[in-house]
Amino acid sequence: MYLCLAVVLIAFTLRFVMELWHLFDYALFGESEADLILAALALVDLTLVGSLVVMVMISGYENFVSRIELGENDEKLSWLGKLDSGTLKVKVAASIVAISSIHLLKSFMDADKVTNDKLMWLVIIHLTFVASAFLMGLLDKMTNGKPKP
């Protein structure tokens with residue numbers, strides 16, 4: 001499964017490069033500032049999803065397969081070894097909220113091309129993600145008794 005996630009990460013990297021090319025295309029030949037902002041938001045969105053995949057791969061491997069042993073002089077990620085499956089779910093939910101926020105902002109910036117019904121549903125879905133992430137964090141805090149880093 002982790003190898004498949006690595007393949008997904010490669011696909012996101014390729015898509016990032018394509019979007020980066022579009023960013024320069026919009027910067028040089030774009031018709032409006034909004035096109036440039038939307039291209040930049042697409043890069044941020046892909047970066048968030050890629051980071052999420054990396055976090056799930058590393059912490060999932062360490063939680064369920066084997067501990068990652070590093071030497072004393074090696075740099076270590078601050079969250080490595082501290083994320084249990086419950087905390088990882090909360091971080092995934094928070095990342096989904098961030099990704100949803102970017103998608104919602106992109107829709108609002110393109111509001112003249114999006115129907116009001118669709119905007120309403122995007123807001124409702126985003127608020128559902130926010131409420132779910134909040135409740136998952138609350139449940140994790142209640143279960144573990146203290147907040148996780």
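## Buried residues of helix α4

The buried residues of α4 are Leu119, Leu122, His126, Ala133 and Asp140, where buried means under 20% relative accessible area, exposed means over 50%, and partly exposed lies in between (1.4 Å probe, protein chains only). Helices here are DSSP runs of H or I with at least four residues, strands are runs of E with at least two, and both are numbered from the N terminus. This is a predicted model, in which local features need pLDDT of at least 70 and side-chain atom pairs count only at pLDDT 80 or more, while totals for chains, interfaces and linings use all residues. Residues are numbered from 1 along each chain as its sequence is written, and side-chain values use heavy atoms, with hydrogens and water left out.

His126, in helix α4, has a relative accessible area of 12% and is therefore buried. Apart from neighbours within four places in sequence, His126 is in contact with Val97, Ser100, Ser101 and Leu104; contact means heavy atoms within 4.5 Å. Helix α4 itself has 29 residues and spans 42 Å from its first C-alpha to its last, close to the 42 Å expected at 1.5 Å a residue. That expected span is 1.5 Å times one less than the number of residues in the helix.

## Nonpolar surface patch

Ile96, Met120, Trp121, Ile124, Ile125 and Phe129 make a nonpolar surface patch of about 540 Å². Patches are made of residues with over 30% relative accessible area and no salt bridge; like charges are joined within 9 Å, and nonpolar side chains (Val, Leu, Ile, Met, Phe, Trp, Tyr) within 5 Å. Accessible areas come from the Shrake-Rupley method with a 1.4 Å probe, and for residues only the protein chains shown count as cover.

Helix α4 (residues 116-144) gives the largest share of this patch, five residues. Phe129 is found in α4, and at 35% relative accessibility Phe129 counts as partly exposed.

Side chains of opposite charge can pair when their charged atoms come close. A salt bridge is taken as a side-chain nitrogen of Lys or Arg within 4 Å of a carboxyl oxygen of Asp or Glu, and by this rule the count comes to one. The bridge joins the side chains of Arg15 and Glu19, at 3.1 Å from N to O. The two residues are four apart in helix α1 (residues 2-29), so about one helical turn separates Arg15 from Glu19.

Arg15 is partly exposed, at 42% relative accessibility, whereas Glu19 counts as buried at 12%. With neighbours within four places in sequence left aside, Glu19 is in contact with Ala42, Leu43 and Leu46.

## Gly50 in helix α2

Gly50 lies in helix α2 (residues 33-64) and is buried, with a relative accessible area of 11%. Gly50 and Ala6 are 44 residues apart in sequence, and their C-alpha atoms are 9.9 Å apart in space.

## The protein as a whole

The protein has four helices and zero strands, and its pattern along the sequence is α-α-α-α. Of its 149 residues, 25% are buried. Among contacts between residues at least 6 apart in sequence, 65% join residues at least 24 apart. The protein exposes about 10300 Å², of which carbon and sulfur atoms supply 67%.
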